[in-house]
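Welcome to the tour! Open your viewer, get ready to select residues by number, and follow along one stop at a time.

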Amino acid sequence: MKIIYIDLDNVVVDFPSSFGKIKQTTLEAYKGNEDEIPHIFSLMKPMPKSVEAVSFLSKYFEIYFLSTAPWKNPSAWSDKVRWIQQYFPEIGYKKLILSHHKNLLQGDYLIDDRKANGTSNFKGEHIHFGTHKLENWSKVLLYICEKENIAKPYQLIYKNKQELTVNTFQKDIKNFTYLLEQKLHQELFPEEYDFIYDSFWDAKDRKNGKNPMKKEYIAEVNLKREAMGIYILKIGENFKDDSSQIYCKKLIKEELNKYYENN
């Protein structure tokens, strides 16, 4: 079973949620060093969907909580233990690791909102919580589920049924559009699929950059491509050109827009 390490502060723990429970004079006295306020970690609430998300992941991964406690705030160490006991009594039982050197831990993923304290040197994958596309637990779950081929917990990923329906519809449209593009490409540019029928010797020639097709056929194909504004077809395993694919995508997009405008 793969291992996931999960940071606490601003990942599963909502650090700012404690500010409303602390006197303003205390906040001002510790401004810039709020994590050194005695027992501040006992006042924090979980991040939205964090408890549910971690519970879901625990079905597929070995979960450990990996956090750094302020060196000048001894109460933080014990408060973090109590926090885990309160919100993750079973999943987090004896699975809290407090360290300033997270790179020493071996595992597959580290979900952390920062690169500090060894995170940037973690040997597995750092899932940078709070960044673009990984800004919350819904996005993190979506990323991990897609990467590990795990059935998505839609009730955690999407806000409501409407958002799920819209997302599913968008994916269906995307898949349908892709199929149209591929079908059009095969019809307009069959020469790009000639290799399917190559003999052993034809394939060898094509690999070496030599077109095994007749010269008349090549000239006719290239004349057509040039008239359409597409690069002349070249042969060789290192040659890559997607101009014909781009042409089909543009054409399909234009036709779909015309259809929606007239219906």
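This is a predicted model: local features need pLDDT of at least 70, side-chain atom pairs count only at pLDDT 80 or more; totals for chains, interfaces and linings use all residues.

**Stop 1: around Thr 119**

Trace the chain on both sides, and you will see that Thr 119 sits in the loop between strand E6 (109–112) and strand E7 (125–128). Now show the side chain of Thr 119: at 3.0 Å it reaches the backbone oxygen of Ala 116. Next, select Lys 102, Leu 110, Asp 112, Arg 114 and His 126. These are the residues in contact with Thr 119 once neighbours within four places in sequence are left aside.

**Stop 2: pairs of rings**

How many aromatic pairs does a search of the whole structure find? The search finds 14. For one of them, select Tyr 5 and Phe 122: their ring centres are 6.0 Å apart and their planes stand at 90 degrees, so this pair is edge-to-face. The two partners come from distant parts of the chain, 117 residues apart, with Tyr 5 in strand E1 (residues 3–6) and Phe 122 in the loop between E6 and E7. Both Tyr 5 and Phe 122 are buried.

Then pick Trp 71 and Trp 77, where the ring centres are 6.0 Å apart and the planes are at 75 degrees, so the pair is edge-to-face. Trp 71 counts as exposed, at 69% relative accessibility, while Trp 77 is partly exposed, with a relative accessible area of 28%.

Before moving on, highlight Phe 65, Trp 83, Tyr 87 and Phe 88, which form one aromatic cluster.

**Stop 3: Ser 75**

Go to helix H3 (residues 74–87), where you will find Ser 75. Ser 75 has a relative accessible area of 11%, so Ser 75 is buried. Show its side chain together with that of Asn 73: a polar contact of 2.6 Å joins the two. Not counting residues up to four places away in sequence, Ser 75 touches Pro 38 and His 39.

**Stop 4: a patch on the surface**

Finally, switch to a surface view and colour Phe 195, Ile 196 and Tyr 197. Together they make a nonpolar surface patch of about 400 Å². Phe 195 belongs to the loop between helix H6 (161–188) and helix H7 (200–207). At 47% relative accessibility, Phe 195 counts as partly exposed.

Notes:
Residues are numbered from 1 along each chain as its sequence is written. Side-chain values use heavy atoms; hydrogens and water are left out. Helices (H or I, at least four residues) and strands (E, at least two) are DSSP runs, numbered from the N terminus. A polar contact is a pair of N or O atoms within 3.5 Å; within protein, one must be able to donate a hydrogen and the other to accept it, and residues adjacent in sequence count only if both atoms are side-chain atoms. Contact means heavy atoms within 4.5 Å. Patches are made of residues with over 30% relative accessible area and no salt bridge: like charges are joined within 9 Å, nonpolar side chains (Val, Leu, Ile, Met, Phe, Trp, Tyr) within 5 Å. Accessible areas come from the Shrake-Rupley method with a 1.4 Å probe; for residues, only the protein chains shown count as cover. A salt bridge is a side-chain nitrogen of Lys or Arg within 4 Å of a carboxyl oxygen of Asp or Glu. Buried means under 20% relative accessible area, exposed over 50%, partly exposed in between (1.4 Å probe, protein chains only). Rings of Phe, Tyr and Trp (its six-membered ring) pair if their centres lie within 6.5 Å; planes under 30 degrees apart count as stacked, over 60 as edge-to-face and the rest as tilted.
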